[in-house]
Amino acid sequence: MEQQELKEAALKIMEDSYVGVLATITENRPHSRYMTFFHKDFTLYTATSKKTQKIEEVEQNPHAHVLLGYEGEGVGDTFLEIEGEMSEHDDRSLLEEMWNDHLSGWFSGPDDPDLVFIAIKPTRMRLMNKKGQKPQNIEL
């Protein structure tokens with residue numbers, strides 16, 4: 001598969017898949033949890049509270065791993081493995097742009113003082129399980 005096709009397949013997965021697994025490092029051990037993701041190009045964003053453990057983890061070790069796209073159908077489900085570096089963002093324009101009704105269960109709105117986004121800028125991305133093909137690196 002050509003790089004352009006791989007990028008298009010990756011963006012389609014990012015567009016269609018809102019829930020994925022975010023793995024971070026805490027006390028030198030992996031810590032994984034399901035998160036809701038949004039994206040701008042290849043950068044992922046996930047909402048969290050300033051009061052969560054994730055913010056401490058971003059500050060202590062910015063490296064993250066994300067699994068996104070697996071639908072649970074078994075062999076052949078295409079998904080992304082994304083390694084990246086996290087950073088915290090509380091820019092009001094970004095919060096307003098990314099705000100949606102899915103977040104209203106946790107936050108009062110884009111002006112909620114505890115709402116921040118963690119950005120995950122990919123350093124490595126692989127398309128996985130494409131109909132039995134080997135993992136394919138996506139050049140960013």
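Predicted model: local features only at pLDDT ≥ 70, side-chain atom pairs only at ≥ 80, totals over all residues.
Q: Which residues line the largest pocket?
A: Y34, M35, T36, A47, T48, K54, H102, L103, W106 and F107 line the largest pocket. The elements that give two or more residues are β2 (29–36) and β4 (43–49), and the largest share, 3 residues, comes from β2. Helices (H or I, at least four residues) and strands (E, at least two) are DSSP runs, numbered from the N terminus. A pocket is an open set of points on a 1 Å grid over the protein atoms alone, with protein on both sides within 12 Å along at least five of seven lines, and a lining residue has an atom within 4 Å of a point. About 160 Å³ of space lies in the largest pocket; a volume is the space filled by probe spheres set on the points, which are joined across faces, edges and corners.

Q: What makes a space a cavity, and how many of 30 Å³ or more does the structure hold?
A: A cavity is a set of points where a 1.4 Å probe fits but cannot get out. The structure holds 1 cavity of 30 Å³ or more. About 40 Å³ of space lies in the largest cavity.

Q: Which residues line the largest cavity, and which strand gives the most to the lining?
A: The lining consists of H65, E81, I82, E83, R124 and R126. By class it has 1 nonpolar, 1 polar and 4 charged residues. β6 and β7 each supply at least two of the lining residues, and β6 gives the most, with 3 residues.

Q: Why is N100 called buried?
A: Buried means under 20% relative accessible area, exposed over 50%, and partly exposed in between (1.4 Å probe, protein chains only). N100 has a relative accessible area of 18%, so N100 is buried. N100 is found in the loop between α3 (92–98) and β7 (115–128).

Q: What makes the approach of N100 to H102 a polar contact?
A: The side chain of N100 reaches the backbone nitrogen of H102 at 2.7 Å. A polar contact is a pair of N or O atoms within 3.5 Å; within protein, one must be able to donate a hydrogen and the other to accept it, and residues adjacent in sequence count only if both atoms are side-chain atoms.

Q: Why is E57 called buried?
A: E57 has a relative accessible area of 0%, so E57 counts as buried. E57 lies in helix α2.

Q: What makes F38 and F117 an edge-to-face aromatic pair?
A: Rings of Phe, Tyr and Trp (its six-membered ring) pair if their centres lie within 6.5 Å; planes under 30 degrees apart count as stacked, over 60 as edge-to-face and the rest as tilted. A search of the whole structure finds 2 aromatic pairs. F38 and F117 are 6.1 Å centre to centre with 75 degrees between the planes, and the pair is edge-to-face. F38 is in strand β3 (residues 38–40) and F117 in strand β7, 79 residues apart. F38 is buried, and so is F117.

Q: What makes Y70 and F79 an edge-to-face pair?
A: Their rings are 6.0 Å centre to centre with 90 degrees between the planes, and the pair is edge-to-face. At 46% relative accessibility, Y70 counts as partly exposed, whereas F79, with a relative accessible area of 16%, is buried.

Q: What makes a set of residues a nonpolar core, and how many residues has the largest one?
A: A nonpolar core is a set of buried Ala, Val, Leu, Ile, Met, Phe, Trp, Tyr and Cys residues joined through side-chain atoms within 4.5 Å. The largest nonpolar core has 23 residues; those with the most contacts inside it are L22, F37, L44, V66, L80 and I120. α1 (3–16), α2 (53–60), β5 (63–68), β6 (79–89) and β7 each supply at least two residues of this core. β7 gives the most, with 5 residues.

Q: Why is E27 called exposed?
A: E27 has a relative accessible area of 72%, so E27 is exposed. E27 is found in the loop between β1 (19–26) and β2. E27 has a positive phi of about 50 degrees although it is not a glycine. Most residues other than glycine have a negative phi.

Definitions and conventions:
Residues numbered from 1 in each chain as written. Heavy atoms only, no water. Nonpolar A, V, L, I, M, F, W, Y, C, P; charged D, E, K, R; others polar.
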